[in-house]
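Keep the structure open as you read.

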Amino acid sequence: MALIHGYWNIRGYSQPIRLLLAQAGAEYEDKRYNFGPTPETWTAEWLKDKFNLGLDFPNLPYLFDGDIKITQSIAILRYLGRKFKLVPSNETEAARVDVIEQQILDWRTQQSECFYDSDHDNVKAAYIEGLKGKVKSLSAFLGNNEWMSGGELTYVDFLVYEWLDVNRLFHADLLNGTDNLEKYHKRIESLPKIAEYMKSDKFIKYPLNGVMAQWGGK
C-alpha cells in the first residue's frame, strides 16, 4: 500500500519529509491542501478532511502507512528514517542527530517568527545578524564530516538542508565563508534521487511559506 502524505501546497514543515521520501525512492501520494488566497479558502478545504481521517491529533502534516497514522513533522521524519534505514548507526551518531534536530527546531521557530512578523521589515536585519552565529556554529558542528551524524546520511540531514536552503534564499550571503556547509548543501542536491526529484514537477520550489507570511509566501 502506497504511503499518503498530507500537507499544504507549500514547502513549509513538510519539505524535509518530501526530500526523504524522494531519497528513499518511495511511492506515495502527496495530498496537497490549498493554502490560499484567503483564510476561508484554506480552512474550508482542510476542514473537510481534518476530523475524518482517524488521526489522534488532527494536524498537518500527516502520514499514513497502512494502519499507521502519524502527525507532527519530526515524528514523521523519525518514522520514515527508521522505515528506510536513514537513522544513526550507533549512540555517538544518535546523540549528534538528536542535538542538531532540536537545534534546527529552535532556529526554525525563530525563522517563522521573522518571516510571519507583521513588522517584518523592521525585524529582518536583527534576524540576518543572528544567522551569522548560527551558521558559524553549524559549520563547526559539521566539521570535516559529510553528514550531520558524523557517519552516514540520516533523516536529520533533510531537516538541516531545508533550513539552510530557505535561509540562503532569504539571505544570499548565508553560506559565505563556510566551505563545508556550501559543499554539504550541494552534496544533498547532488544525490541522484534528490537531483531527479528537484527537476521533476513534483518538487515545490515556491512558495516556501503560507500566504500570510511577509516573506516567502506571496
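Among contacts (heavy atoms within 4.5 Å) between residues at least 6 apart in sequence, 67% join residues at least 24 apart. Keep in mind that this is a predicted model, where local features need pLDDT of at least 70 and side-chain atom pairs count only at pLDDT 80 or more, while totals for chains, interfaces and linings use all residues. Residues are numbered from 1 along each chain as its sequence is written, and side-chain values use heavy atoms, with hydrogens and water left out.

Now for the overall fold. The protein has 8 helices and 4 strands, taken as DSSP runs numbered from the N terminus (helices: H or I, at least four residues; strands: E, at least two). Along the sequence they are arranged as β-α-β-α-β-β-α-α-α-α-α-α. The C-alpha trace spans about 50 × 45 × 30 Å along its principal axes.

Next, look inside. Of the 218 residues, 47% are buried, meaning under 20% relative accessible area with a 1.4 Å probe, protein chains only. What is Leu138 in contact with, leaving aside its neighbours within four places in sequence? Its partners are Ile100, Trp107, Met148, Val160, Trp163, Leu164 and Leu181.

Terms used
Buried < 20%, exposed > 50% of the residue type's maximum accessible area, 1.4 Å probe, protein only.
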